[in-house]
Number of protein chains: 2
Amino acid sequence: MPKSREVHLTAHPDGMPTPDQFKVIETEIPDPGEDQLLIRNNYMSVDPAMRPRLSNGQQPLNVAMGGGAIGTVIASRHAGFKEGDIVQHQAGFREMYLSNGKGLHIIEPGDLPVTVFMHTLGGTGFTAWGGLLVTGALQKGEQVFVSAAAGAVGSVAIQIAKIYDCYTIGSAGSDEKCAWLRDELGVDAVINYREGNLRRDLKTAAINGIDVYFENVGGEHLDAALPRMNPLGRIPVCGMISSYNNPGARSEGVTTLSNMIYNRITMRGFVVTDFQDRRDDFERDMREWLADGRMKYRETIIEGIENAGNALIGLMQGENIGKMLVKLS
Amino acid sequence: MPKSREVHLTAHPDGMPTPDQFKVIETEIPDPGEDQLLIRNNYMSVDPAMRPRLSNGQQPLNVAMGGGAIGTVIASRHAGFKEGDIVQHQAGFREMYLSNGKGLHIIEPGDLPVTVFMHTLGGTGFTAWGGLLVTGALQKGEQVFVSAAAGAVGSVAIQIAKIYDCYTIGSAGSDEKCAWLRDELGVDAVINYREGNLRRDLKTAAINGIDVYFENVGGEHLDAALPRMNPLGRIPVCGMISSYNNPGARSEGVTTLSNMIYNRITMRGFVVTDFQDRRDDFERDMREWLADGRMKYRETIIEGIENAGNALIGLMQGENIGKMLVKLS
């Protein structure tokens with residue numbers, strides 16, 4: 001029987017996860033039975049959205065962690081899949097996956113790199129598209145602020161805003177990220193939130209206010225954005241990464257929410273499954289934007305399943321530009 | 001020429017207003033010219049929503065303060081109004097008002113006390129109705145939390161929730177207010193937020209979570225409510241009185257906003273003018289509820305224009321039960 005390594009969570013973190021909370025376990029994988037298939041994973045997706053699940057009870061201890069992955073079918077006794085198929089699934093953090101076919105999705109990458117299906121054409125891209133266009137109800141030419149704009153979701157969101165002829169403001173946590181946003185993605189105003197004064201810098205950048213704030217960070221970012229919101233502004237809440245690694249997952253205190261009242265601001269949390277009925281629209285848009293070069297991306301690739309835990313910790317500390325992936329050998 | 005007293009704001013407060021920031025000035029009122037009428041005000045409305053306008057530049061200094069009022073026409077050279085008409089207007093804090101007829105609304109109270117047009121059938125009632133039913137999209141039988149539930153808006157909102165067969169939780173700041181909510185309005189669970197631990201008490205009260213949180217207070221109240229919100233919950237934001245009298249109108253820090261994400265919560269600020277196209281529906285509902293006794297109210301009446309500033313300060317400190325009014329002699 002082939003051997004496979006998988007990543008287990010050994011304790012529910014409260015605060016920043018530590019490397020010892022992730023353990024790599026070797027297991028033996030039986031041959032596929034009837035209606036089963038065996039997948040060798042090629043890439044695992046590392047997402048901020050994984051973090052809350054480690055603490056809120058969704059991720060059980062001492063089993064292979066959930067998470068997005070793409071792999072190749074290496075043996076199949078399932079009528080729906082054949083050897084060589086490239087498949088995407090959410091049963092993530094393991095080298096091999098013995099599946100009954102449920103939750104698998106065959107990918108036909110064509111001319112596209114397969115990793116694109118893990119970001120721009122995958123869950124992160126769909127999240128950005130739906131959050132900005134559906135939840136955020138973006139209109140052409142509006143004023144748009146995206147926090148964590150050099151992240152996987154943020155970098156798609158801010159490029160969609162550019163494509164919609166919006167004035168774009170992006171925040172990021174390093175000069176390298178800011179340079180990418182400004183010089184390659186064409187973001188109109190870029191803020192390094194680890195330097196200067198976010199509140200003041202956002203006031204300067206948002207010269208015509210903010211119609212849509214695509215929220216990835218929370219805490220101080222939201223506190224700074226609310227006083228800048230224009231009447232009838234929208235805040236689609238995709239994530240609040242600044243809070244996930246605090247005790248009790250609490251953010252820094254937000255003190256400016258009363259700005260919502262007279263400006264009639266709407267803030268709404270969303271998850272990507274809210275947009276399932278719009279998937280065809282998303283894929284049509286994104287394939288067009290990738291083909292004509294208007295949608296750019298970067299990947300931060302970590303090698304080896306033994307580094308998956310550290311990849312997630314690194315993501316929480318902002319070590320990625322664009323999409324964070326773990327590549328399996 | 002008749003003499004009239006009016007209340008001027010002498011400085012824009014930052015923090016709790018002080019009595020010296022309100023000055024009563026005596027002026028002489030000319031006789032009505034052509035197309036003018038003279039009103040003697042009977043009641044002035046004291047509302048939390050007035051407070052932000054004192055600091056945000058909307059209320060100029062050293063002129064009669066704006067605010068809702070009801071008065072009687074004592075002389076008219078305007079074709080639309082005759083002596084004895086009862087009129088409602090927003091040019092508020094003065095004993096007499098020489099008007100050109102703009103912004104005036106004739107009231108025909110019939111069997112109802114005229115003050116009802118300043119609360120349940122007036123702006124506060126319409127605010128509660130629209131915030132709960134339109135912005136909050138209340139459904140029958142939901143779980144509803146109303147903060148400042150013994151206030152003018154809150155007490156209407158929580159009674160509408162009762163009429164919609166909802167489980168109701170109300171917070172208030174004194175035992176007397178809590179007793180009114182529990183014993184006379186039939187609120188299911190009552191929390192005195194000045195005693196005990198709001199977060200813990202709300203968790204106990206919200207045994208089936210919260211579908212709609214009608215937000216009047218902000219800060220600690222919102223911090224406690226967010227973790228209790230059910231999936232697809234709504235938070236119509238009517239006011240955040242806890243912040244208005246802090247420096248910079250900042251609330252206590254809200255740290256639990258990340259609960260909005262997975263539960264896909266919508267928080268939306270609103271003002272009563274958002275619902276203008278529904279005024280007939282509101283008036284039909286409220287007249288029915290007043291007539292059949294399902295809508296109760298209380299009034300806290302302060303006498304004399306010289307006490308108007310203190311009435312507003314008292315409102316900010318929770319001295320009212322139900323609607324705060326100033327009665328003019």
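**Notes on the two-chain model**

1. Let's begin inside one chain. The C-alpha centres of domain 1 of chain A and domain 2 of chain A lie 28 Å apart. The assignment gives domain 1 as 3–119 + 298–327 and domain 2 as 123–275 + 284–288 of chain A; such bounds come from an automatic or database domain assignment.

2. A word on the ground rules. This is a predicted model, in which local features need pLDDT of at least 70 and side-chain atom pairs count only at pLDDT 80 or more, while totals for chains, interfaces and linings use all residues. Residues are numbered from 1 along each chain as its sequence is written, and chains are lettered from A and ligands numbered from 1 in the order in which they are written.

3. Back to the domains of chain A. Their contact takes 17 residues from domain 1 and 19 residues from domain 2, where two residues are in contact if their C-beta atoms, placed from the backbone, lie within 7 Å. Helix α1 (residues 50–55) of chain A gives the most to the domain 1 side, with 3 residues. Helices (H or I, at least four residues) and strands (E, at least two) are DSSP runs, numbered from the N terminus. By class, that domain 1 side has 6 nonpolar, 7 polar and 4 charged residues. Here Ala, Val, Leu, Ile, Met, Phe, Trp, Tyr, Cys and Pro count as nonpolar, Asp, Glu, Lys and Arg as charged, and the others, Gly among them, as polar.

4. Strand β3 (residues 37–46) of chain A deserves a look. In β3(A), 8 of 10 residues are buried, a residue being buried if 20 or more other C-beta atoms lie within 10 Å of its own, with C-beta atoms placed from the backbone. β3(A) pairs antiparallel with β4 (residues 69–76) of chain A over 7 bridges; strands pair if DSSP finds at least two bridges between them. R40(A) has T72(A) in β4(A) as its bridge partner.

5. Which other strands join β3(A)? Strand β6 (residues 96–99) of chain A runs antiparallel to β3(A), with 4 bridges, and S99(A) in β6(A) is the bridge partner of L37(A). Strand β15 (residues 323–327) of chain A is also antiparallel to β3(A), again through 4 bridges, and there V326(A) stands opposite M44(A).

6. Now over to chain B and helix α10 (residues 308–316). Its buried residues are A308(B), G309(B), A311(B), L312(B), I313(B) and L315(B). They pack against several elements of chain B, including β3 (37–46), α1 (50–55) and β15 (323–327). After α10(B) comes G318(B), with a positive phi near 80 degrees.

7. How do the chains relate? A rotation of 180 degrees with 0.0 Å of shift along its axis superposes chain B on chain A, at RMSD 0.0 Å; the two copies are thus related as by a two-fold rotation axis. The superposition is by least squares on the C-alpha atoms of residues with pLDDT of at least 70 in both. Among residues of chain B, G253(B) comes closest to the axis, at 1.8 Å (C-alpha).

8. Finally, the interface: 29 residues of chain B are in contact with 29 residues of chain A. β13(B) gives the most to the chain B side, with 4 residues. Strand β13 (residues 266–269) of chain A and β13(B) run antiparallel, joined by 3 bridges, and M267(A) stands opposite M267(B).

Terms used
Buried ≥ 20, exposed ≤ 12 C-beta atoms within 10 Å, placed from the backbone.
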